[in-house]
Number of protein chains: 2
Amino acid sequence: MSDTDTRSEPQRRVRGRRRDGERSRNAILREAGRLATVEGINGLSIGRLAEAVGMSKSGLFAHFGSKEELQVETIQAARAVFTAEVIDPALAAPTALERLRRLAENFLRYVEGGLYPGGCFFSSVAAEMAMRPGPVRDGAVQVLADFSGKLETALREAQAEGAIDPSEDTEQLAFELASYLSFANAQFALTQEPGTIERARRALEDRIQEAAAAA
Amino acid sequence: MSDTDTRSEPQRRVRGRRRDGERSRNAILREAGRLATVEGINGLSIGRLAEAVGMSKSGLFAHFGSKEELQVETIQAARAVFTAEVIDPALAAPTALERLRRLAENFLRYVEGGLYPGGCFFSSVAAEMAMRPGPVRDGAVQVLADFSGKLETALREAQAEGAIDPSEDTEQLAFELASYLSFANAQFALTQEPGTIERARRALEDRIQEAAAAA
């Protein structure tokens, strides 16, 4: 259930019972996320989504009051998936260097896992909406910035733990590592070739070992 | 004038005289390219473009028979710009290492020059159309693949000239250099911060020098 759902728990349960046989809100939002990486989040209207999930437009209007509400909730649901699949399992690692490696590896698995046909949901939305200010663009950009920030935090902490050379500029290094991840995602979305993910793995590991070498 | 314009030279001239006061075909296609990186090439209809350039829809229909024709010609015009600004001046350099450096630097200048508000025209279109097969997607992907191919060719030739270490895997190295360019473009489109272009310059130069060191 999303943060912006202000209905009380009993209200939601009643509504849930009324809609037996319809897909759950979360399942609808997952499909909305997939659709957004294929056709663009700007094309994600309640009418288009109704068609894709085989529900009536009025049924979807009961879930989401407007196209923008649907888009914002789709982003929130995708963020929950990203946090659960990429961020949280990485941050559970005991050392900073291991957190760094897991952040990168989890991102690549999330991309090659095919959860979204068009690759990373947020890269897709951010590219599409780059020049269109608003909550949809900002929501996607925020998740990408948080992710880059977590790479850099892990690098700084790894430096403090003596695992990364103190002379490395962690902001620059984070840029380079994020570059491999971002490009692998873009190329994989275009080609579906696993080789592009392997190239990113190799680039990441070479660069991390280079930065660790003198530590 | 684009490759697909099958009108004879005199026909075009007559048509050109008739349309005094209207913008030229090339100026219209430049505006179409700018608009495509802001609103998406899929949203680039003749009606939308007519509004943007202040011409009548019927006037634009005389230039381009259909939305798809307009999109394909927009891509061809953008490719001519990319070839003239990024590729050709780089390939004129006498050594392969210099061709490599100029390909990268010209790309960054093309991005930061702001010719297209949404950054590299082809990265923008490829991201938007990744999951939508057809001539628009294929046209954009082809330009990006050609560019990556030219980076790799320059690297292989630099290796043959003894300027890049023979042990370097040029395909892997091309992936890494293209990553910096691609990520800088995506970040610059989102933030308009010159710092992101500088990070790419530094990443490129560090990596090229590392690859050259043992040569």
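This tour moves from the confidence of the model to the meeting of two chains and then to one residue.

The model is predicted, and for that reason local features need pLDDT of at least 70 and side-chain atom pairs count only at pLDDT 80 or more, while totals for chains, interfaces and linings use all residues. Residues are numbered from 1 along each chain as its sequence is written, and chains are lettered from A in the order in which they are written.

Select helix 1 (residues 9-18) of chain A, where confidence is lowest at a mean of 48, and then helix 6 (residues 96-112) of chain A, where it is highest at 98; helices here are DSSP runs (H or I, at least four residues), numbered from the N terminus.

Next, show both chains together: 27 residues of chain A are in contact with 27 residues of chain B, contact being defined as C-beta atoms, placed from the backbone, that lie within 7 Å. On the side of chain A that touches chain B, helix 9 of chain A gives the most, with 11 residues.

Finally, select B:Lys57, whose place is in helix 4 (residues 57-63) of chain B. B:Lys57 counts as partly exposed because 14 other C-beta atoms lie within 10 Å, a number between the limits for buried (20 or more) and exposed (12 or fewer). Leaving aside neighbours within four places in sequence, B:Lys57 is in contact with B:Ile46, B:Gly47 and B:Ala50.

How values were computed: pLDDT is the predictor's confidence in each residue, from 0 to 100. Helices (H or I, at least four residues) and strands (E, at least two) are DSSP runs, numbered from the N terminus. Two residues are in contact if their C-beta atoms, placed from the backbone, lie within 7 Å.
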